[in-house]
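This report describes selected features of one protein model. The sequence and structure come first, followed by short sections.

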Amino acid sequence: MNENLKFTVIKLMFDFTQLFALVVNPAHGWAVDSTSVYWQVLTFSRWNYIVTNLLGYKAYVAILYTMTGMLCCALALCMWIAYAYKNRSFAYTWPIYVLRLYATIHFGLFDIATLTLIQVSYDCQFLGSGKSNRGHMYTFPDKVCYKPPHIIPFVVGLTTQVVFVIAAVIFFTGEFEVNPISRRFTCCAHSHVEVRAFLLKVTMTVVYVIIGWLQVQTAIQAFLCLALTWVFFKNMPYMFAVINHIRVGSYLAVTWTAVLAVAIMFKPKDPDQVPIYEKRITNVMLYGLAPIGLLGFGASFLRLYTWSQFVRKRFKEAPSGSKVKDIYRFKDPIEVEIISRVARYWIDDEVLDLDRVKEAEAIIKAGLVLFPTRAFMIMLYSNFLWDVLDNPQAGYSQLQAAKKANPNYMERFAIYRREQEHLARTAQTKGNGESTLDLVSYVEFQRNYRLAMRAHREALVATRNFWQYLLQQHITFTHLSKSLKAIESAIVKADKVYRTVLERYPYSAKMIKGYARFLEGVKNDPWRASKFYTEAEKLEAEREEEAAALELEGLDGDDSRLLNKVDERVNAVIIINSRGQIQMANKLAYAMFGYNKGELEGKNVAMLMPLPFSQRHNGYIKRHITTGRETVMNRVTDLVALHKDRYVFPFRLAVSKVSGAGDDSLFMGVIMGVEPPTDTANVYILSGGSVAAVDQAFVDWFGHTVEDYLGHPVHTLAVDPVPFKRLVEEVTRHDQPNDEGVCPVFLGAKHVLIKHKYTDPVDVSLRLKATGLGTETIYRVEMRRNQPPVELVLTNRKGRIAFITSPLARALGHTPRSLRKVDIGELLPQPFGAMHAAWIREAAESKPSPHSCRSGVTMVLGPTPKTQQTVRLSIKSTDESGEQQHVVKVSPSTLAEGLDERRLRLTIDTSGTVTDVGQSPNSLFGFKPSALLGRSLADCVDVLHAAARSASAAAGLAPGSTGP
């Protein structure tokens, strides 16, 4: 027989026999042979009678002190184990086994027997025994409870009884199973039933000892037995249904016996009829035990079967969109847990029936809707996610929500057990808290990091306040002493926080660096700080190697990891509440969306979304909380987001619920950027043809922002609106995309002129695609240039930049936002940057010089050598907007071209004849450089021309000739 089954059978048998022996007191008049073997076996747990009949008073006192000593040892072991848990260090494991053995014997198997044995010490016939017997021990009548030698055992017995009951309650509180698919026979889903049952049993034993009026005693015990039966019949705490049925049957049999014990107390007045009456009641009791027990078993079985089948049928047949209260209204979370055991059906030894698992999940979610603030309900869902759906991250997040739902002490203990499992699980991996973590651990790390940073900041503030006080003219010793104490207290607190957090995250380079800065800047310990700096550098090097290895293996392309892991090095992370308000965003999120630190917290996340999603996002959240319907939850979705500069960009999003329930829910979005194609620009339109958003490439290509066209018909973008109008007609005719998400394309839109805000229209081709989420569809008009792109800068009359294309801004080491309203002279190398302000004032009043940037010559753009670009400018000044503006087209050039524009390069032979010329413009010296080919260099260089004439004159005087 299986050991688990053996223990279960023994426990059920002992539980019944102890209660039966407590109710069936031979003094009541039961016609039983107390010397028979059957009776001895049935009532062997009556240890108090064994002490009375076989042992004396001294032996009992020795047993009492021994039991008290064992209880004290058990409490000491409990304290040692608690200390070991706190320090997470177990030098020995035997105390755990010893404590478990003691608890199993005295609390689990022989609870009533132990109680009755201790109660012998204070069974002093308080009520119903007459004045002559009051105060004397019932078992040892010659001993008076309030006088020596029994006064000490009396006090010890009472104290031991109280401590034993408290310890047993704690034991039963922990005797539950958090795993809803446990295969242990005695696994209990909710321990409060066992606690109530134990307290009822304690009350029965106390009534047995305290109350001497037998009729009152038996009546109270009958009521308590009935209450015990009802507790198990109603709550059914055991996951194995048959255990509940057996318990109900056995307790109903004991209740039957207790009721007949009341009846047997009302004996007939005729003394001759008393034995017959007692015999008759005894036979009715004995022969009725089995039928009554079977009746209780059958009633419990039928109740659970018919109830569960009815509830399951209601959920299966419920129309889509039905409210939970219209399907079935559970009275409390206990009922939800009982019905959710439908998931405990195995196809084979290890595989659950998935259909039943889905049924159980629907039932539990319905319970969450009915009881969103009940800690037990949230814990039930957490356990289901953890063990049945194998999603410990989501389960742990629900556990954190349960902690905020005002759990009672039993529920707090259950939460503690689950948290210990989570810590053991995360301790098995070398997690650093910053990257490659599950979602919940990431949030936990961020909270701990912020806690450490806050303590660090408090220590710095305390130090700053001290030095500021020293700068004052009037200094008191009292205030100075308080400041020093504040510094010491803050440093001790910060050091303790850092040590605690580093125990949790010993491989976090970020946390170790923070502690190193604390040691260096606050505790003035550079030697220890250098050790931590070295350790952090080693960890960072290891992380870089791991990231490189992942990239080489191609694992970084797996989008599904966004659902299970968070890598803060490459992922933006945003956490929102049930109202859509942003609670936390990391640095990458701020950088990705273009906001400064602190600008997102407290704002609605809809501000990061284009139309129509921004208007409906709060409704999505509310619908998920109310109905559990998932639109983007627990999946990777390709979407577009809205930048601070009002353009959209593509990204991949994974959303998971990290904590809370109902209105206390918190959701985490893990965002991975997607590099957009460089050869396309996009306009997003609604089904009616109005513009909803544009991307950065559209802004660069055409100079327009979304504000210029938001809500306008898309055909207003084009010089000729006909192609766009026909596209909108196609959208109206084919409102739904095909299987590939592509709408029918108007093939004639190969050449469309799109208006440019500052210069000539741009020739593009069009293609229409559908994108969106759920029932919301938005259409993307994809544009491809039919000519090379042109980089552009727009300045006002003072040279302040009003617009710049993003590729050019990035090439110069900036972003379009950072360059807005910046003087363009700051983008020029010195000294030209300082001189540019005067030049631009004269630009409209004078013609450009041959070597001016306005003449189109090659120039250098960029203030530093790293950002300098060799370009050629084409500048056009206009005042169409009512204010003078300069439109600067920037095209690439080369250093060689720039030099040719400023010099004439010639190649000559030994006789001075030009054999090759460069590409210099005609305007450089006023003639074509090619005209010099084959001619003497002296023809164009005046100095050389004079020298040549001198040489010719000298050559004309022959030797021996005479002058005139």
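## Annotated spans

Which residues does the UniProt annotation "transmembrane region" cover? According to that unreviewed entry, they are 62-85, 97-122, 151-172, 219-236, 248-266 and 286-306. UniProt positions follow the numbering used here, feature names are shortened, and annotations may be inferred rather than shown by experiment.

The model is predicted: local features need pLDDT of at least 70, side-chain atom pairs count only at pLDDT 80 or more, and totals for chains, interfaces and linings use all residues. Residues are numbered from 1 along each chain as its sequence is written, and side-chain values use heavy atoms, without hydrogens and water.

Residues 219-236 are 94% helix and 0% strand, with end C-alpha atoms 26 Å apart. For residues 286-306 the end C-alpha atoms lie 31 Å apart, and the span is 100% helix and 0% strand. Helices (H or I, at least four residues) and strands (E, at least two) are DSSP runs numbered from the N terminus.

## Nonpolar surface patch

Val-242, Ile-246, Phe-297, Phe-301, Leu-302 and Tyr-305 form a nonpolar patch on the surface, with about 530 Å² of accessible area together. Patch residues have over 30% relative accessible area and no salt bridge, and nonpolar side chains are joined within 5 Å; a salt bridge is a side-chain nitrogen of Lys or Arg within 4 Å of a carboxyl oxygen of Asp or Glu. Areas come from the Shrake-Rupley method with a 1.4 Å probe, and for residues only the protein chains shown count as cover.

Helix H10 (241-265) and helix H11 (273-317) each supply at least two of the patch residues. H11 gives the most, with four. Val-242, in helix H10, is partly exposed at 39% relative accessible area (buried means under 20%, exposed over 50%, partly exposed in between).

## Backbone features in loops

A cis peptide bond with omega of about 10 degrees joins Pro-148 and Pro-149. Pro-149 is in the loop between helix H6 (111-119) and helix H7 (151-174).

Met-236, in the loop between helix H9 (214-235) and H10, has a positive phi near 45 degrees and is buried, with 0% relative accessible area. Asn-524, in the loop between helix H20 (509-521) and helix H21 (526-553), has a positive phi of about 55 degrees and is exposed at 59%.

## Five-stranded sheet

An open sheet of five strands has the order S12-S11-S15-S14-S13, with antiparallel pairing (two strands pair if DSSP finds at least two bridges between them). S12 (801-804) and S13 (858-861) are edge strands with a single partner each, so one side of each lacks a neighbour in the sheet.

Four bridges join S13 to the antiparallel strand S14 (residues 869-878). Thr-858 has Arg-872 of S14 as its bridge partner.

Notes:
Patches are made of residues with over 30% relative accessible area and no salt bridge: like charges are joined within 9 Å, nonpolar side chains (Val, Leu, Ile, Met, Phe, Trp, Tyr) within 5 Å. Buried means under 20% relative accessible area, exposed over 50%, partly exposed in between (1.4 Å probe, protein chains only).
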